[in-house]
Amino acid sequence: MGCRAMKCGAMRRGSFIFATLLLVNFVFMKAAFADVDSLEPGATASVSPSGEVKNPEAAASESEPEAKGLAQTPERQRPGEGPQSTSFSPYIFESVPEINSSAPDFLTVPDRWRQLYVGKWYDPYNQNVVKGDIPVFGSPAHPWFVELGLTSDSLFEYRNIPTPVVPSSSRHPESTDQFGGSEQAFFNQNLIFLFSLTQGNTTFKPQDFEFRFVPVMNFTYASIEEDGLLRVDASRGNSRGDEYIGPLELFADIHIANISDRYDFVSTRVGVQQFNADFRGFVYNVSEPGVRLFGNWDNNQWQYNLAYFRRIEKDTNSGLNTWFEDRYEDVVVTNLYSQDNPVLGHQVQGTIIYRADQAGDHKAEYDKNGFLVRPASIGDERPKNIYTTYFGLNGDGHFGRLNITESFYYVTGSESHNQIAGQQVDVSAAMAALEVSYDFDWIRLRSSLFWASGDDDAFDGNANGFDAIFDNPNFAGGDNSFWQRQGVPFIGGGIVSLVNRNSLLANLRPGKEQGQSNFVNPGIRIYNVGLDVEVTPTLKLINNVSYLQFDQTDVLETTRQDGSISRNIGFDLSTGMVYRPFLNNNVQFRFGGAVLLPASGTENLFGDERLYSLFSNLILAY
């Protein structure tokens with residue numbers, strides 16, 4: 001009985017709210033159509049889109065608006081009255097035909113964008129003239145839009161990673177001759193500015209033209225426990241602050257042609273642009289200057305890219321593009337996407353990437369902190385050129401409720417001289433990845449496998465360790481995981497990293513921003529399970545457990561001169577939180593932590609200390 005009473009009470013409250021909403025809607029509709037209510041259906045001129053008057057009698061009556069109770073203010077005029085304007089007017093059209101009008105044709109509204117425009121330039125949540133919602137100049141047939149944006153990305157990290165003692169000194173007298181204090185603090189602030197000028201009505205078709213410029217202002221601060229690692233000059237201490245401004249995007253996008261009545265198209269993009277060669281960023285995911293031809297056909301069943309990039313140097317501490325400082329590397333990418341293959345909701349992509357890295361023909365490269373990055377400071381430190389071709393087959397989508405991502409790459413080519421092998425090597429290596437997930441309402445269960453082949457003999461003239469050009473993957477925990485988020489130095493084997501920041505590959509490379517690929521490496525195996533929980537519409541939790549192994553250990557044993565290094569790296573445990581208080585991406589809080597529980601292989605390399613990282617990230621976007 002009580003339940004029925006509660007139910008009845010809820011129904012009464014619901015009926016009251018519904019009636020109130022109807023009343024409010026009626027009031028707003030009455031106000032919106034106040035001018036229309038005074039019109040007689042036959043007194044409204046009916047004008048076709050071409051400007052032809054369909055109702056001459058009504059048109060004649062419109063010449064005397066006051067006789068019909070439609071006195072016109074100087075600021076406003078009714079659409080269809082007088083010659084049609086070819087430019088956008090600064091006012092809102094308010095003469096709307098009555099919904100029950102029996103007029104045979106409709107009334108044109110030349111400026112459909114401003115008809116119901118109530119936004120403010122400082123309001124990012126509603127229509128906004130500086131957010132590309134309202135044309136700023138041009139004509140109704142050829143509107144031009146401007147988009148201005150500003151994003152603040154603030155990151156703080158506290159981490160414990162293996163840290164070497166430099167030969168000259170250590171701040172810790174009790175340190176061994178190899179490992180020093182391992183705690184580090186890092187702050188990174190990016191201010192990302194956006195300016196975009198676009199031509200074209202993009203409601204049903206691609207844009208005709210876009211010019212986009214995205215400069216980034218960066219400030220970084222790092223503090224560690226040892227001298228001589230942030231800068232080659234140990235006398236400059238154990239902290240470093242730096243700032244830089246670089247272009248993230250600077251391109252023109254030109255629409256070449258439409259090739260069907262469904263607006264299948266061909267376009268080109270010239271300049272500095274972000275490009276990802278596959279779904280998850282395994283091989284080439286970076287912003288570089290280049291020329292890209294892209295488009296689709298057959299009702300968007302097929303998409304394609306043909307692109308050429310001339311890579312430029314990255315700033316050492318920010319990772320941003322320099323202002324066109326050449327790094328002597330060419331990359332050519334072609335790929336083809338097939339939608340709904342083999343089932344609806346799944347797409348397949350084939351990719352071929354050719355890379356010619358000719359940095360070995362030029363002088364040695366030192367980064368802005370004074371460290372040698374080309375050639376790598378490992379082995380015999382001799383320069384090299386790299387010529388490789390990647391063949392990839394990738395898929396992404398779902399089979400029913402089962403979400404699947406799969407990727408396979410094979411790379412072949414040569415290194416003119418590998419520093420570890422001490423000779424020219426022939427490259428033959430592979431990579432495979434698979435992720436399967438299933439959604440239970442607000443919970444997603446995930447399982448991932450990642451494999452990159454390793455080299456089992458450093459001196460046989462064959463390079464079988466897989467390496468990318470510039471990877472930035474979102475896989476197996478992504479940047480929440482310790483292994484991917486932190487660059488771990490390969491202590492005792494030269495100024496190179498066992499794994500680079502934002503990478504999965506154990507490639508013994510001195511940074512992917514300025515260092516060259518190295519195909520004589522141990523490779524990696526990652527076994528991952530994850531649980532994503534949508535706690536509320538504004539809060540998401542991301543949890544991952546990964547077990548890591550080296551694919552081969554011969555290269556590690558050779559460079560460390562230790563024949564007993566184990567394959568097992570250990571467990572990588574991570575958890576993260578994404579909080580979006582306004583249900584959009586204008587304000588985001590990200591927090592996370594990860595710990596690497598060392599197994600025998602990590603203990604062989606770095607000891608048995610647990611490695612961990614904590615981070616907080618605040619993103620504010622306008």
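Reply: The answers that follow concern a predicted model, and they take up salt bridges, aromatic pairs and surface patches in turn.

Me: How many salt bridges does the structure hold?
Reply: A salt bridge here requires a side-chain nitrogen of Lys or Arg within 4 Å of a carboxyl oxygen of Asp or Glu. By this criterion the number of salt bridges in the structure is 25.

Me: Which strands are linked by the salt bridge between Asp330 and Arg310?
Reply: The closest N and O atoms of Asp330 and Arg310 are 2.8 Å apart. The two residues are 20 apart in the chain, and the pair links distant parts of it. Asp330 belongs to residues 321–338, and the strands in question are E9 for Asp330 and E8 for Arg310.

Me: What is the distance between the closest N and O atoms of Asp471 and Lys512?
Reply: Asp471 lies in the loop between strand E17 and helix H4, and Lys512 in the loop between strand E19 and strand E20, 41 residues apart. Asp471 counts as buried because its relative accessibility is 3%. Lys512 is likewise buried, with a relative accessible area of 4%. The closest N and O atoms of this salt bridge are separated by 4.0 Å.

Me: Are Glu210 and Arg212 buried or exposed?
Reply: The side chains of Glu210 and Arg212 meet in a salt bridge, with an N to O distance of 2.9 Å. As for their accessibility, both residues are buried.

Me: How many residues apart are Phe275 and Phe309?
Reply: A search of the whole structure finds 17 aromatic pairs. One of them is the tilted pair of Phe275 and Phe309, with 5.3 Å centre to centre and 45° between the planes. Phe275 is in strand E6 and Phe309 in strand E8, so that the pair links distant parts of the chain, and their separation is 34 residues.

Me: What is the geometry of the rings of Tyr438 and Phe440?
Reply: Tyr438 counts as partly exposed because its relative accessibility is 28%, and Phe440 does so at 44%. The ring centres are 4.7 Å apart and the planes stand at 55°. Planes under 30 degrees apart count as stacked and those over 60 as edge-to-face, so the pair is tilted.

Me: Which residues gather in the patch of negative charge on the surface?
Reply: One member, Glu609, is found in the loop between helix H6 and strand E24. Glu609 counts as partly exposed because its relative accessibility is 43%. The patch is made up of Glu183, Glu603, Asp608 and Glu609.

Me: What accessible area does the nonpolar patch have together?
Reply: Its members are Ile256, Leu293, Leu306, Tyr308, Val332, Tyr354 and Tyr387. Ile256 is placed in strand E5, residues 239–258, and counts as partly exposed because its relative accessibility is 49%. Together the members of the patch have an accessible area of about 580 Å².

Methods. Residues are numbered from 1 along each chain as its sequence is written. This is a predicted model: local features need pLDDT of at least 70, side-chain atom pairs count only at pLDDT 80 or more; totals for chains, interfaces and linings use all residues. Side-chain values use heavy atoms; hydrogens and water are left out. Patches are made of residues with over 30% relative accessible area and no salt bridge: like charges are joined within 9 Å, nonpolar side chains (Val, Leu, Ile, Met, Phe, Trp, Tyr) within 5 Å. Accessible areas come from the Shrake-Rupley method with a 1.4 Å probe; for residues, only the protein chains shown count as cover. Lys and Arg count as positive and Asp and Glu as negative; His and the chain ends are not counted. The place of a charge is taken as NZ of Lys, CZ of Arg, CG of Asp or CD of Glu. Helices (H or I, at least four residues) and strands (E, at least two) are DSSP runs, numbered from the N terminus. Buried means under 20% relative accessible area, exposed over 50%, partly exposed in between (1.4 Å probe, protein chains only). Rings of Phe, Tyr and Trp (its six-membered ring) pair if their centres lie within 6.5 Å; planes under 30 degrees apart count as stacked, over 60 as edge-to-face and the rest as tilted.
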